[in-house]
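I opened my notebook to record what I looked up in this structure. The entries follow in the order I made them.

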Amino acid sequence: MASVSEAKSLVLDRITHRFASGTMAVSDINLDVKGGEIIALLGPSGCGKTTLLRIIAGFIGQSEGRVIIGNDVVDALPPNRRAVGIVFQNYALFPHLSISENVGYGLAARGVDKATRAKEAQRLLDMVQLGPFGERLPRQLSGGQQQRVALARALAIKPSILLLDEPFAALDKNLRLDMQIEVKRLQRMAGTTTLIVTHDQEEALSMADRVAVLSHGHLEQFGTPSEIYDQPQTLFVNSFVGTANKMKGVVVATDASGAKVALEAGGEIIARAPKPVSASDKVTVCLRPEHLTFVTDDTGFAGEIGMALPLGATVVHEIKAKDGTSIKISQARTGGTPLREAGTPVRVAPLAPGLATVFPE
Amino acid sequence: MKSATTAPGDVTSFSLGLALPLGLAFAIFFVLPLAQLFYLSLHNDTAATVWGLGQYIKFLTDPFSLAVLGSTLLLGAEVTLACLVLGYPIAWLYQRSGSRVQTLIIMIVLLPLLTSVVVRTFAWIVILGRQGIINSVLQSLGLIGTPLRMIYTQGGLIAALAQVQMPLMVLPLITAIGRIDPNLSDASASLGAGSWRTFVKVMLPLSMPGIIAGCTLTYAAAITAFITQSLVGGGQMLFMPMYLYQQASTLQNWPFAAAISIIFLFAVLAIVALFSTLGRRARGYGDAR
């Protein structure tokens with residue numbers, strides 16, 4: 001598609017920002033976003049993702065580093081000359097202007113005449129399936145409709161970069177999925193390089209081509225959704241994205257495939273080691289609930305059933321390990337999956353050796 | 001025997017007697033004198049024995065009286081404009097400041113209200129007078145040879161009134177500007193609008209409810225400020241409150257004074273009604289959050 005090839009890339013080059021109070025907001029962030037990609041900035045509140053968004057938009061001047069859109073370093077440009085479209089969390093539609101005027105606002109600021117403006121606004125409203133609503137005021141629209149208007153308004157200026165700040169947080173769950181599909185469709189149509197700021201991992205994993213996980217102002221990992229989920233590089237990513245059981249242990253031996261860890265709960269586990277560890281290191285082993293299974297041999301570790309939770313399509317058992325750690329194990333529910341009684345002694349092991357991950361403490 | 005039979009919680013079931021004290025006070029001290037004033041104004045002679053519309057005809061055909069009314073209404077407009085132009089930036093600054101600066105701004109804005117009107121007015125005389133602070137500073141700096149005439153001028157009066165009425169303008173503006181979503185100016189900027197365009201197209205229309213409220217209050221207060229008008233304005237400038245006072249106290253022409261009051265009252269009501277009509281139209285979108 002022609003529009004996709006025109007899409008501008010975005011490079012964040014060693015971005016660091018300190019607030020006036022001296023607090024470090026983001027530290028040494030490097031991101032290389034290809035033209036037309038959807039990127040999610042994922043992290044808990046206070047991780048610096050919104051600061052990063054405001055730096056890209058130009059509302060905050062970063063302390064160090066460069067923002068490069070296409071081939072241009074934009075650090076010296078004020079927000080109104082960066083051509084960065086933003087959809088705010090609360091949509092920030094102008095309450096005193098009609099829907100059509102809202103969408104045409106950016107064109108008016110560029111000196112486009114009234115007739116062309118109205119025509120373009122109508123085209124965009126048709127695109128977001130709000131064609132007949134042009135004359136209404138924002139408050140006469142539902143939340144999902146307002147969001148589509150905000151999106152149309154941002155796309156009207158043909159932005160080089162589109163920023164979405166927690167775009168689905170204010171919508172209820174059913175509408176959220178519809179809007180996620182809708183936004184992805186519109187983004188594909190417009191081919192605009194897009195950044196989504198979110199704290200919702202499902203949203204990030206389902207919408208983005210690549211996900212940047214942030215914690216305390218640091219970039220923890222930047223990769224495709226499956227890399228993030230299946231090969232987490234840090235303990236934070238492993239526990240923030242998806243669920244992880246954490247067990248303490250000591251490294252017994254290492255080889256090319258990973259490390260053999262003696263768990264405090266007893267038993268030994270072979271785990272993948274994204275960061276180098278060596279023998280006798282104290283480590284944390286992460287095990288996803290869906291990667292565990294009950295075994296009858298002497299692999300894995302022992303424990304007893306604490307509680308059984310039948311959650312529809314899956315069954316979750318909570319297990320008390322020998323050292324008191326609470327471990328969750330989740331299994332697909334088939335006809336024969338029995339619920340185990342509390343207090344039953346069991347042994348649990350990973351489905352495969354590479355599915356456990358070990359991080360140094 | 002039980003007397004109350006209506007359901008609890010029904011507001012109308014509460015005895016209207018609770019509103020009686022305030023209602024009575026209003027009736028006795030406000031409605032009654034106003035009615036009496038109106039009754040008095042409908043007499044052609046000073047002794048109030050002959051009925052007629054003579055006083056109204058006298059006022060409305062007298063160029064001098066009409067000039068006094070006109071200059072009073074104009075004075076109100078000038079003071080209101082001065083307050084708006086000076087007050088808007090203060091309210092703007094308030095919304096963009098930290099809490100310590102906000103407290104300071106509120107203190108400064110409210111200070112005139114905490115001072116007695118007479119003291120405040122004499123302070124202005126000291127500042128603006130021939131040997132006042134401004135003149136002596138300018139003279140000692142060699143910027144002027146002879147003292148400027150500031151006291152007893154329209155300009156001096158506007159300055160004094162604007163200072164006193166400033167809180168009435170700034171407080172509603174602070175409320176109105178504070179209710180504007182700060183993301184709106186960011187949204188405007190990201191869409192390519194410069195700061196002036198953002199101000200004219202977004203901030204100004206959305207602060208309109210505050211502007212209307214502030215203007216109404218300032219206007220009504222400025223044109224009726226008897227003491228400041230008389231002391232800072234001096235003898236040469238005559239405004240409605242003083243004109244009325246002269247007719248009632250000095251000339252003992254009570255029916256004419258009453259007619260002046262009624263005409264003034266309606267002139268002010270007309271202007272307040274105009275403001276509130278504008279306000280209601282502005283509120284059509286200004287209240288939207």
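**Chain B, then a helix pair in chain A**

Entry one. I read chain B along its sequence and noted the pattern α-α-α-α-α-α-α-α-α-α-α-α-α. The count for chain B is 13 helices and zero strands. I kept in mind that this is a predicted model.

Entry two. Along the principal axes, the C-alpha trace of chain B spans about 80 × 70 × 35 Å.

I turned to the record. An unreviewed UniProt entry annotates "transmembrane region" on residues 20-42, 63-92, 104-128, 211-234 and 254-275 of chain B. I checked two of these spans. Residues 104-128 of chain B are 92% helix and 0% strand, with end C-alpha atoms 26 Å apart. Residues 254-275 of chain B are 100% helix and 0% strand, and here the end C-alpha atoms lie 31 Å apart.

I moved to chain A. How do α5(A) and α6(A) cross? The axes of α5(A), residues 143-156, and α6(A), residues 173-190, come within 11 Å and cross at roughly 15°. The two helices are therefore roughly parallel to each other. Their crossing is right-handed. From α5(A), the contact uses A:Gly144, A:Gln147, A:Leu151 and A:Leu155. From α6(A), it uses A:Leu175, A:Met179, A:Val183, A:Leu186 and A:Ala190. I sorted these contact residues into seven nonpolar, two polar and no charged.

Conventions:
Residues are numbered from 1 along each chain as its sequence is written. Chains are lettered from A and ligands numbered from 1 in the order in which they are written. This is a predicted model: local features need pLDDT of at least 70, side-chain atom pairs count only at pLDDT 80 or more; totals for chains, interfaces and linings use all residues. UniProt positions are given in the numbering used here, feature names are shortened, and annotations may be inferred rather than shown by experiment. Helices (H or I, at least four residues) and strands (E, at least two) are DSSP runs, numbered from the N terminus. Axes are lines fitted to C-alpha atoms, for helices over the stretch in contact, and angles run from 0 to 180 degrees between N-to-C directions. Angles under 35 degrees count as roughly parallel, over 145 as roughly antiparallel, 65 to 115 as roughly perpendicular and the rest as oblique. A crossing is left-handed if the near helix is turned anticlockwise from the far one by less than a right angle, and right-handed if clockwise. Two residues are in contact if their C-beta atoms, placed from the backbone, lie within 7 Å. Ala, Val, Leu, Ile, Met, Phe, Trp, Tyr, Cys and Pro count as nonpolar, Asp, Glu, Lys and Arg as charged, and the others, Gly among them, as polar.
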